[in-house]
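Hello,

Here is the structure for your files. My notes follow below it.

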Amino acid sequence: MKTNTDILKEIIDIQKIRKDFPILDSIINGRPLVYFDNAATSQKPWSVIKAIEHYYTDLNSNVHRGVHHLSQQATNAFEASRKKIADFINAAYDHEVIFTKGTTEGINLVAHSYGKKFVQQGDTIIISAMEHHSNIVPWQLLCEDRKATLKIIPINEKGELLLDAFKAMLDEKVKLVSVTYVSNSLGSINPVREIIELAHRKNIPVLLDAAQAVQHIPIDVQELDVDFLAFSGHKMYGPTGIGVLYGKQKWLNQMPPYQGGGEMIKSVSFEATTYNELPFKFEAGTPNIEAAICLGAAVDYINETGLENIQHYEQELLEYATGKLSEIDGIKFIGTSDNKASLVSFIIENVHPYDVGVILDQLGIAVRTGHHCTQPLMDFYGIPGTVRASFAFYNTRAEIDTLVEGVRKAVSMLAVK
Ligand code: PMP
């Protein structure tokens, strides 16, 4: 009979995959690197690294402007990448994919542009209690500017959104709901289908912060019927400095430009300027061409492995880690939703998370400690921060064993008896 491990081996050839990520061979403080900071940024496969080299050795040129050969080649590669990303999330049109710097810029774009057009004094924006600062502060700035109100969907102790409270907030004053698909601090996978359905019943659009979702869960924007979706390239095996804002064309067409400059115009005179069509209306200035093209290479890599296989394998790692870590005395998980992505956040009685992080680093283990840019969420739990280990599909059970050993060591050194 096949064991669980045999089945997983068929899904993900872990040794082959690890060879694709050169940094995983690093030795840190005399030990093999155990990289569990994937929610902050993921590592990059050779195919992405080589795509960057290929861009600068063979393609480098500015896009959309030149008639010369290189400019056309770069433009073709840039637009081919947009198409790959549109297909990856099943956007109806390629021009609904706007290149940004990352999730943060995508959310700021919507807050500025949608906010300017649609949010007036007395209106409401809804976010949740588990948002990353980048899905809080842009809305605070907008609400301050517009004299609008920010309302917060509460959560329970497990880190799950309280949908009844959300339902009760939905009235004609609400102009947008902006929530995270997956919490970066808790791992909770939010019931976004229900959230979108409930909001749409009142004709309210929904933005999903997919920074922690797009690399773990297959997303079909048409099937979800989501209005806006923001994510970052660097968390999905692609380069830094690039991200995507997906928006339904019916919204994007009504929204004013976010920034002014080259590329986003049709014609400019001192009397009147007309704006370019989608997606260029929202892409002022020279974009991060290399990173946009190489994000396409990252999407290819994910597609070759298969996001469903990745999801399956990572869920197995999550279960294994949760089981093993729970055997440690004094450990308390922060974020125990029934539906979680592959990360564990925890605190240990009488031990500061930062000190755990330092000891784990001495053992070559990279975790994140602190508030993870979710200070209001930490306030809800009454803690300064957590230790967070976030897993990718190149991680292994053996690495989790190393983490568990490391945490035990930290506890024995640090716990105040
Ligand atoms: N939202 C969530 C849920 C995140 O985890 C992050 C990154 N930690 C962001 C937004 C911001 O992403 P970026 O810094 O790439 O813009």
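**Asp 123 and its loop**

Asp 123 sits in the loop between α5 (103-118) and β5 (124-128). Keep in mind that this is a predicted model.

Is Asp 123 buried or exposed? Asp 123 counts as buried, because its relative accessibility is 8% and the cut-off for buried is under 20%. Its side chain reaches the backbone nitrogen of Gln 120 at 2.7 Å. Set aside neighbours within four places in sequence, and Asp 123 is in contact with Phe 118, Ala 148, Thr 149, Lys 173 and Lys 175.

**Ser 81**

Next, a serine in a helix. Ser 81 belongs to helix α4 (residues 69-88). Ser 81 has 2% relative accessibility, so it counts as buried.

Which backbone atom does the side chain of Ser 81 reach? The side chain goes to the backbone oxygen of Ala 292, at 2.5 Å. Ala 292 is also among the contacts of Ser 81 beyond four places in sequence. One more pair is worth a look. Ser 81 and Ala 298 are 217 residues apart in sequence, yet 9.9 Å apart in space, C-alpha to C-alpha.

**Ile 49**

Ile 49 is placed in helix α3 (residues 46-59). Its relative accessible area is 33%, so Ile 49 is partly exposed. Leaving out neighbours within four places in sequence, Ile 49 is in contact with Pro 22 and Lys 44. Pro 22 and Ile 49 are 27 residues apart in sequence. In space, their C-alpha atoms are 9.7 Å apart.

**Helices α12 and α15**

Last, a helix pair. Two packed helices are described by the angle between their axes and the distance between the axes. Helix α12 (residues 307-325) packs with helix α15 (residues 397-414) at an angle of about 25°. Their axes are 10 Å apart. Angles under 35 degrees count as roughly parallel, so α12 is roughly parallel to α15. The crossing of α12 past α15 is right-handed.

Which residues meet there? From α12 come Glu 316, Leu 317, Tyr 320, Ala 321, Lys 324 and Leu 325. From α15 come Arg 397, Ile 400, Asp 401, Leu 403, Val 404 and Val 407. By class, this contact has eight nonpolar and four charged residues, and no polar ones.

Best regards

Notes. Residues numbered from 1 in each chain as written. Predicted model: local features only at pLDDT ≥ 70, side-chain atom pairs only at ≥ 80, totals over all residues. Heavy atoms only, no water. Axes fitted to C-alpha atoms, helices over the stretch in contact; angles between N-to-C directions. Helix = DSSP H or I, 4+ residues; strand = E, 2+ residues; numbered from the N terminus. Parallel < 35°, antiparallel > 145°, perpendicular 65-115°, else oblique. Left-handed = near helix turned anticlockwise from the far one by under 90°. Contact = heavy atoms within 4.5 Å. Nonpolar A, V, L, I, M, F, W, Y, C, P; charged D, E, K, R; others polar. Buried < 20%, exposed > 50% of the residue type's maximum accessible area, 1.4 Å probe, protein only. Polar contact = N/O pair within 3.5 Å; in protein donor to acceptor, adjacent residues only side chain to side chain.
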